[in-house]
There are 4 protein chains.
Amino acid sequence: MADRIDVAVLGATGSVGQRYVELLAKHPQFRLAELFGSERSAGQRYADVADWRISGAPPEEAVNKVVKHHEEPINSPIVFASLPGGIAREVETRLASEGKAVFSNARDNRMDPDVPLIIPEVNADHARAIDVQRKLRGWDRGCIVTNPNCSTIHLVLALKPIWDAYGIEQAMVTTMQATSGAGYPGVQSLDLIDNVVPYIGGEEEKIESESKKLLGGWMGDEFQYADLRMSAQCNRVPVRHGHLETVNLKLGRKATPEEVIETLRSFRGRPQELGLHSAPETPIIVRDQPDRPQPALDRDVAAGMASVVGRVRECSLFDIKFVVLGHNTIRGAAGASILNAEMMLADGYLRV
Amino acid sequence: MADRIDVAVLGATGSVGQRYVELLAKHPQFRLAELFGSERSAGQRYADVADWRISGAPPEEAVNKVVKHHEEPINSPIVFASLPGGIAREVETRLASEGKAVFSNARDNRMDPDVPLIIPEVNADHARAIDVQRKLRGWDRGCIVTNPNCSTIHLVLALKPIWDAYGIEQAMVTTMQATSGAGYPGVQSLDLIDNVVPYIGGEEEKIESESKKLLGGWMGDEFQYADLRMSAQCNRVPVRHGHLETVNLKLGRKATPEEVIETLRSFRGRPQELGLHSAPETPIIVRDQPDRPQPALDRDVAAGMASVVGRVRECSLFDIKFVVLGHNTIRGAAGASILNAEMMLADGYLRV
Amino acid sequence: MADRIDVAVLGATGSVGQRYVELLAKHPQFRLAELFGSERSAGQRYADVADWRISGAPPEEAVNKVVKHHEEPINSPIVFASLPGGIAREVETRLASEGKAVFSNARDNRMDPDVPLIIPEVNADHARAIDVQRKLRGWDRGCIVTNPNCSTIHLVLALKPIWDAYGIEQAMVTTMQATSGAGYPGVQSLDLIDNVVPYIGGEEEKIESESKKLLGGWMGDEFQYADLRMSAQCNRVPVRHGHLETVNLKLGRKATPEEVIETLRSFRGRPQELGLHSAPETPIIVRDQPDRPQPALDRDVAAGMASVVGRVRECSLFDIKFVVLGHNTIRGAAGASILNAEMMLADGYLRV
Amino acid sequence: MADRIDVAVLGATGSVGQRYVELLAKHPQFRLAELFGSERSAGQRYADVADWRISGAPPEEAVNKVVKHHEEPINSPIVFASLPGGIAREVETRLASEGKAVFSNARDNRMDPDVPLIIPEVNADHARAIDVQRKLRGWDRGCIVTNPNCSTIHLVLALKPIWDAYGIEQAMVTTMQATSGAGYPGVQSLDLIDNVVPYIGGEEEKIESESKKLLGGWMGDEFQYADLRMSAQCNRVPVRHGHLETVNLKLGRKATPEEVIETLRSFRGRPQELGLHSAPETPIIVRDQPDRPQPALDRDVAAGMASVVGRVRECSLFDIKFVVLGHNTIRGAAGASILNAEMMLADGYLRV
């Protein structure tokens, strides 16, 4: 693995940061070279400050690394960023202007008119917006590429093949989201033992807007938003990992549940074509059992990189209804970002 | 309390049966006279066989009562029945034919063309179907009155004032239901720790069909079903008590969230008019906080007899969306049945 | 209730503060007159800042009260204080020096040589230390009275009758504590879904030291600590309310489980003698079922003011083992403090 | 993997049976040849009847296997048995008499005077009892080897190096056990949401008796039980997998926590010596963080085959106290049994 590209992780001690570290530790193309954190952790051993919340202990590649402060210079050409919304925009823009390829999990830049928001199986072609971004902003090698919000990714991955095959006019969504999606510290245990919280600030808006960008097109100089009417209600449930969503769809043209299942199962995207390291063999797995997918049983299939769909059936109000589940910090965050980088690298967008 | 009417509870050791016992123990109009159970418990002290799963211990009115076998004769004129679906129809029919007023929580008879399915605030007038029932079946004093399924009750209680004020053309519902709704034994702990099960057998069909009967009318000789298009998706979540439901509504005529809130808050029904013992002061409580209602915090308000609504807001796809919560074994089962009995008694339908 | 004594609650918006508010709202002797909080909440309506985490909504007595800042003057002669450890000592001392009777739930002053640490059924006579406290500190009417840590209270309440009847040489304790004991915000949900945390900072030391003061004597001018050897291991479990503890005891003289059960059941203390408002009829309830007490089923018995013991049996290593459960924010905190005030008032220690 | 030995799994659809299937699917020495179940599942595809409760789906080696009935003949020379206590004795005895090497997870035969109860790192030499067993029972090639109860295994694995180095006079244990230990169906969700059940039938007795056999010796013709006084209290907590136990030890000779930690860390046993496939590199992992081990974070380390110890510190009553955690269905059941088989095979006890 001598020729691996050095990568840096920003926000490396946080919930998503830890997933980046886990997934990058043994990556065949990327070398986990630098870890960045806030003042609280800068200057200390990663293992001492990370408060590791993934099974076991941090990988040996990270244990003894000294965490750098976010304002210190970055040597790696590729940066995976998991910064809090609100401060991400400034930091990411500065890094890209300094020539870094920034793969960001933050919300700040996602909806910008020259920033690609990508799920590789859904809208690989949006990567071409990078050319416009570089030109507009006067960047030579740097760029900002974003991945969607955790609940949007699994929803849109399941919608894409249906969108292509039958069209979708209306989509109604209710989410039951895991607590790790709120980061750490996040939701108090007193709020999630024997309880559900029917509110996640800003989440419904993100789902509704990001979906339209993802299913829309890149017109050569601007994004065209998909003409999809959607409404989401978001809930936090007592689950560690794995967002579950109920979905009702009004299709452009009729399809039976069997047709939809076949459409979902046969779906492949650019990552499968390219055989990318983090790509699941099939991006969508469909369960036949009437009571699946379930977070505890299905979030880890395909190493957390697939969306698992079940209960595809007729809807007595719209046309089709089903549930979709996916791991929120793997395919829903860090893994999404890494897969974006793998694809951009393979497709020649990165000048590293 | 000398003049209280004797009542019997069928299925008294079960999950809903225990709620009947709790709620009837100090009831001012009904006297908890007889407890019936299966072979396993017949002939034994209630406290020894009930495996009490409500806080504390069974009320002293029940502790020492010897449980009778379901086939033994019943002396009480009023019977509260919580029998398993499938065997309820036969038992309840026999008892009614013997002159008992049967208030049933089972699904078997709910959709029968001469059996009233009642939420007192919603369709008190359906009680008049009793006359037809008695006539058709040749019963003099006996009758069968049913209450809806636990998730339907709180949904339709919240829909009723909106239905009356604005009309409802389409309703999309996703439920997050508590485990006590599955009875005891019910859902395994391995299925509900760190997990959600996106399936409850038969539940979606019950919600969709019962709602139409409840919001429909009694035409003097038959029920007219409401012209309401509805689709439900049902999930079991790690919560002890309290069903939470997300609801999206397409109204007959437009209304602002503020108007809907005012409509819900000012709603009163026949139980409030009559000042019934188990009636909540206001059947629908609307929370203003953005993250309420929550099962752990709101299921017990108004002694578990109200529905608690929150997050009433515009729907980007339909017109209005909100969440509704209610206690599933109190207002959603035993309490519903008792309130039915109180109203039928007050309105002169019972010949006891 | 015209002659009720005005009381103030310090830290009124916190987890224990909310319990004070709930329990004092309808109290026959105390009038909930003033609520104090930090800068964040001072000057605002209680209902707007309390983030109420008890069922339903704040009592109407508190809803519209404007929260005062902790440094504002207090008018009420009695103060119930739930301040964070570390800052409590200074504030409570100042208030007592100004003539207030301070009933404190904080750890700061508990082990002071002139501060009574009281469980009314256990060591009512420690109240006499108040005379020395006032003399030593030059206070005329003011005083500081403390109650123990939440896990200590239920343990020692169960130990007391055994201590008196048989003596206790050694006590081994393992606790399984509810999350509300950590306050709000407290333990993260990611740490308590599908998990147990085998550590609660400082808790084991508190149990071991406070127990010796509680079971010891007041010698007229100083406390004598009980000669009890004890070791505790403390764990946080996914439970909302109710601390459960396993206890193994080496007795001073042998006793059968039946004798111990009888000793526990017949135990009464000063609150029962005086018939205090918040006193449970019997301070210790013993369950006969082999699998009780359980937090969800037994924490609320006797309005959360009793300790519930079960599984009293022979210990193959020591003499006797059992489990004890109690509500941690009622009898384990706010209720403990209020019961102390009721007793001190009845016994003439308060100059109000 | 051409030379692998055929193995059969009895009780293959159950909770522990599924773990056997998972762990044996890719085993380098054993070939998962036959699956046996009850009447309910016999004759059907494993995937259709297993109700898989481990992440994902059954391994492909098992999916299409037709489950045989327990009374059908077994072809494989090695049998892994996970039968219910009570019926295991008869079946296992019959199979051994027919020449099978039976590795049993059931309680029935564990305490028999000629049946080895083995944890390979603890009492590998007990395997020699097989010779006596075969002689006594007139078996040529068959034998019965058992592994301990799930909570006993992790306890005794942690006790063994301390026992050897310092001696243990007294041991006090409180367990907090995961729900998967109760099998499926097992504990109801209504009993484990927001709750702890302080009772597991027969568990305390198993821990106390099995520990003495495990730490005792094989005298050539009989087992000598260890002179260890022990008392256990067992609780069921809302955790999917991973038993956590608090342990207090009175040692034979004094040792500091640092010495004990070093003793635990340097411990190796026969499986490590032999380099067995399922052997963890170090059987005991000691955590330095004050709040570890935790079930959610530590149960899966070393593929669930190690015991994880933490909080080793002085005990104010005995000498040393600590907590130990381990995966209950891997090292605590199926993995234990497979490791026994690997060692017996390597050490030449199996005539297969």
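**A helix and its cover**

I looked at what lies over the buried residues of helix 9 of chain D, and the cover includes helix 7 (150–166), strand 12 (284–286), strand 13 (307–314) and strand 14 (320–326) of chain D. Contact here needs C-beta atoms, placed from the backbone, within 7 Å. Helices (H or I, at least four residues) and strands (E, at least two) are DSSP runs, numbered from the N terminus.

Ground rules for my notes: residues are numbered from 1 along each chain as its sequence is written, and chains are lettered from A and ligands numbered from 1 in the order in which they are written. This is a predicted model, where local features need pLDDT of at least 70, side-chain atom pairs count only at pLDDT 80 or more, and totals for chains, interfaces and linings use all residues.

Which residues of helix 9 (residues 257–265) of chain D are buried? I found D:Val260, D:Ile261 and D:Leu264. Buried means 20 or more other C-beta atoms within 10 Å of the residue's own, with C-beta atoms placed from the backbone. Seen down the axis, the buried residues of helix 9 of chain D fall within an arc of 100°, so they line one face of the helix. That arc is taken from the directions from the helix axis to the C-beta atoms.

**Two helices in chain A**

Next I checked helix 7 (residues 150–166) and helix 8 (residues 203–215) of chain A: their axes come within 10 Å and cross at roughly 40°. Axes are lines fitted to C-alpha atoms, for helices over the stretch in contact, and angles run from 0 to 180 degrees between N-to-C directions. On the helix 7 side of chain A I noted A:Leu155, A:Leu159 and A:Trp163 among the residues in the contact, and on the helix 8 side A:Ile207 and A:Leu214 are among them.

**Chain C and its partners**

I then turned to chain C, where 36 residues are in contact with 36 residues of chain D. Strand 10 of chain C gives the largest share of that side, five residues. With chain B, nine residues of chain C are in contact with nine residues.

How do chains C and D relate? A rotation of 180° with 0.0 Å of shift along its axis superposes chain C on chain D, with RMSD 0.0 Å. I wrote down that this is the relation of a two-fold axis. Superposition is by least squares on the C-alpha atoms of residues with pLDDT of at least 70 in both copies. The same surface serves both copies, as 100% of the contact residues of chain C recur in chain D.

Key
Contact = placed C-beta atoms within 7 Å. Buried ≥ 20, exposed ≤ 12 C-beta atoms within 10 Å, placed from the backbone.
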